[in-house]
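Take the points in order and look up each piece as you go.

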Amino acid sequence: TNGLKLKKGDYISIIGKANGTQYWDEVKKGVTQAAEDLNASLGYTGKDKIKVTYNAPDKADNVDDQVNLLDEELDRYPVAVGIAAVDSGACEVQFDLAAENGIPIVAFDSGTDYQNIVSMIDTDNTTAAATAASKLCNSIGESGQILVIAHDSKSTSSEEREQGFVQEVEKNDPNVTVAEIWHLDDLDAISKEINADSSEKNSQETADNVQKAEEENADSRDTQTAQQDAIKYLLEKYPDVKGIFATNETVADLVVNVLDSMDKTTGEDRIKVVSFDGGEDQMKLLEDGKIDGLIVQNPYGIGYATVVACARAVLGQGNEATVSTGYTWVTKDNMNKDSIKKMLY
């Protein structure tokens, strides 16, 4: 943060995808620390301080809420904006407006289709997902069916993890088959499929639950139940599945809850699970043997680097087009090593 001589009272707006999850709380901590370090290095106190805020949709990964939030933040004329786009194509109008007003945009965690982003701060999702694929295939003996369950169908982080995983399987594990790829936000299509599948036990009840969550005012509890019903349906549809790749902590929690309910987290029927993200809850699942391995990112570093990139953009100092903040493969065997513990959150 040294040498970043922002003006007194400058305002930087950072917009994430969610509040309250362990991953996004760590991003926020990195954002807050970067702001404190900037002010300390510049000697700014009181009203002179540079202001940096972290905001996110009330409902995690809600595209409309995030776009509204971006509108509100641009009305406050920040000197720069950092955003983890829920939908890679949803903010073009707002980004054009920012460009007209000389407000640089830094993308972080999940990119955007917009051409004039000054920098992208994230994990190398494609490479990290390939690591997850290699590890999962190895754990199921290099043969059999696996499912990919992704956190959404709109963000680049989800897309890159999905593609990186599938490409690695296709390239290096010819006896492993990706039986199906399903996205948490694709409830409508799977509800129709469940409805059409008359042989499915309790299919009508399951489909009703899924359909209910599609309704406009469905709360997060209804949505979560519907997502779990959909995952259970997929596991019943593919009874020979040996492994599941979950693209983030939200997906992993849903998957483990379903596997628990089906008695598939222990014993001979156990299904192997690998996931992204490494909060306390994930570590407990790893310790209990319900998750086999985790791609642990560096969310604190992502948050911190995003604020620094925003400051550099404001000052015309230039940024790397892409800044990769690294990842670590964590298992029950290495989770207590000091070098690994530093990465956990």
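1. Let's begin with a helix on a sheet. Helix 5 lies across strand 6, strand 7, strand 8 and strand 9 (272-276), and its direction is at about 170° to strand 6. A few terms: contact means heavy atoms within 4.5 Å. Helices (H or I, at least four residues) and strands (E, at least two) are DSSP runs, numbered from the N terminus. Axes are lines fitted to C-alpha atoms, for helices over the stretch in contact, and angles run from 0 to 180 degrees between N-to-C directions.

2. Before going further, keep in mind that this is a predicted model, where local features need pLDDT of at least 70 and side-chain atom pairs count only at pLDDT 80 or more, while totals for chains, interfaces and linings use all residues. Residues are numbered from 1 along each chain as its sequence is written, and side-chain values use heavy atoms, with hydrogens and water left out.

3. What is the strand order of the open sheet with mixed pairing? Its six strands run 7-6-8-9-10-12; two strands pair if DSSP finds at least two bridges between them. Strand 7 (176-183) and strand 12 (328-330) are the edge strands with a single partner each, so one side of each has no neighbour in the sheet. On average, neighbouring strands here are turned by 15° against each other, direction ignored.

4. Strand 6 (residues 144-150) and strand 8 (residues 241-246) pair in the parallel sense, over five bridges. L147 has I244 of strand 8 opposite. Helix 9 (residues 249-261) also lies across strand 6, strand 8 and strand 9, at about 160° to strand 9.

5. Back to helix 5 (residues 156-172), which packs with helix 4 (residues 125-139) at an angle of about 45°, the axes being 7 Å apart. The two helices are therefore oblique to each other (angles under 35 degrees count as roughly parallel, over 145 as roughly antiparallel, 65 to 115 as roughly perpendicular and the rest as oblique). Among the residues that meet are A129 and A133 from helix 4, and G164 and F165 from helix 5.

6. How are the strands of the open sheet 2-1-3-4-5-11 paired, parallel or antiparallel? The pairing of these six strands is parallel. Strand 2 (51-55) and strand 11 (322-324) stand at the edges with one partner strand each, so one side of each is left without a neighbour in the sheet. Strand 1 (residues 11-15) pairs with strand 2 in the parallel sense over five bridges, and Y11 stands opposite K51 in strand 2.

7. This sheet has a helix across it too. Helix 11 (residues 299-314) lies across strands 1, 2, 3 (80-83), 4 (105-108) and 5 (119-122), and runs at about 140° to strand 1. Helix 1 (residues 22-42) packs with helix 11 at about 40°, with the axes 6 Å apart. Helix 1 and helix 11 are therefore oblique. Residues in that contact include V27 and V31 in helix 1, and Y300 and V307 in helix 11.

8. Last, the charges. The whole structure has eleven salt bridges (a side-chain nitrogen of Lys or Arg within 4 Å of a carboxyl oxygen of Asp or Glu). One of them joins K192 and D188, at 3.5 Å from N to O. Both residues lie in helix 6 (residues 187-196), four residues apart, about one turn of the helix.
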